[in-house]
Amino acid sequence: MSQSQVQFKNTVWLDLTRSEDEIIASFKQKTRYNIRLAERKGVTVQTPKADDVPFDILYKMYAETSVRDGFVIRHENYYREAWGSFIRLGQAQPFIASVGGDPVAAIIVFRFADRALYMYGMSRNLHREKMPNHLLQWRAVQWAKAQGCVIYDFWGAPDVLDESDRLYGVWKFKEGFSDHLVRSLGAIDYAPSPALYNLYTTILPRVLNVMRRRGLKQTSEVADPAKTSEV
């Protein structure tokens with residue numbers, strides 16, 4: 001087993017072969033409540049076409065999310081190309097939640113054959129109490145079903161289903177939509193040279209930590225330029 005699991009080993013699947021009424025009825029009561037709350041509080045969800053995607057807004061929200069949650073992201077041009085390429089091919093769709101015309105959260109869902117994959121999520125601290133992320137997921141599920149998908153993949157779940165796992169909060173959110181946990185073996189390293197492999201696993205994490213600190217500093221400048229300039 002690899003000591004560095006870059007991708008998630010586990011995920012959560014939602015069965016889309018049922019009717020919309022059956023799907024939403026399968027959600028936990030609190031999740032259904034939060035979806036209705038978002039609608040009552042004026043949260044709306046837009047699905048822009050390829051030529052109208054506001055990549056600058058999406059990236060700024062993604063940068064704010066990365067700083068708040070402590071993970072590193074790449075430069076804006078990377079995502080313009082990565083997201084944009086799939087969106088232009090019709091294999092990805094952004095969903096943007098707004099309150100009073102102000103974007104507050106977004107997700108990007110990819111589609112391959114009969115499966116939809118929720119891979120990117122981003123949000124601001126603004127209006128989080130209005131539960132925009134719950135409505136985003138429900139609109140994405142509706143879209144995926146309309147596209148003919150039979151599985152909605154929430155991508156990413158913890159190894160241990162308790163608070164000791166760093167993904168526990170993520171799991172609790174996704175569990176509200178589906179408790180179908182799918183586990184895999186994850187990445188496995190083949191090390192023909194144990195000595196070099198030991199060197200690799202010792203030095204690389206230190207290098208990556210330095211790169212992460214630099215990356216978070218750069219991202220902070222995008223997420224909150226005013227705050228950075230005051231430092």
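Me: Which residues form one aromatic cluster?
Reply: This is a predicted model, in which local features need pLDDT of at least 70 and side-chain atom pairs count only at pLDDT 80 or more, while totals for chains, interfaces and linings use all residues. Residues are numbered from 1 along each chain as its sequence is written, and side-chain values use heavy atoms, leaving out hydrogens and water. The cluster is made of Tyr-59, Tyr-62, Phe-71, Tyr-78, Tyr-79, Trp-83, Phe-86, Phe-110, Phe-112 and Tyr-120.

Me: What kind of pair do Trp-83 and Tyr-120 make?
Reply: A search of the whole structure finds 19 aromatic pairs (ring centres of Phe, Tyr or Trp, the last by its six-membered ring, within 6.5 Å; planes under 30 degrees apart are stacked, over 60 edge-to-face, the rest tilted). For Trp-83 and Tyr-120 the centres lie 5.5 Å apart and the planes meet at 75 degrees, so the pair is edge-to-face.

Me: How many residues apart in sequence are the parts that Trp-83 and Tyr-120 tie together?
Reply: Trp-83 and Tyr-120 are both buried (under 20% relative accessible area, 1.4 Å probe, protein chains only; exposed is over 50%, partly exposed in between). Trp-83 belongs to helix H4 (residues 76-88) and Tyr-120 to strand E5, so the separation of the joined parts is 37 residues.

Me: Which angle lies between the planes of Phe-110 and Tyr-120?
Reply: Phe-110 is in strand E4 and Tyr-120 in strand E5, 10 residues apart. Both residues are buried. Their rings form a tilted pair, with a centre-to-centre distance of 6.1 Å and a plane angle of 50 degrees.

Me: Which element supplies the largest share of the largest nonpolar core?
Reply: This core has 30 residues, and Leu-14, Leu-16, Ile-107, Val-109 and Tyr-152 touch the most other members. At least two residues each come from strand E1 (10-15), helix H2 (29-40), strand E3 (92-99), strand E4 (102-112), strand E5 (115-123) and helix H5 (132-146). The largest share is 7 residues, and the element that supplies it is H5.

Me: How many residues make up the other core?
Reply: Tyr-152, in the largest core, touches residues including Val-12, Trp-13, Gln-137 and Ala-144, not counting residues up to four places away in sequence. Apart from that core lies another, with Tyr-62, Ile-73, Ile-108 and Leu-117 among its members, and its size is 19 residues.

Terms used. A nonpolar core is a set of buried Ala, Val, Leu, Ile, Met, Phe, Trp, Tyr and Cys residues joined through side-chain atoms within 4.5 Å. Helices (H or I, at least four residues) and strands (E, at least two) are DSSP runs, numbered from the N terminus. Contact means heavy atoms within 4.5 Å.
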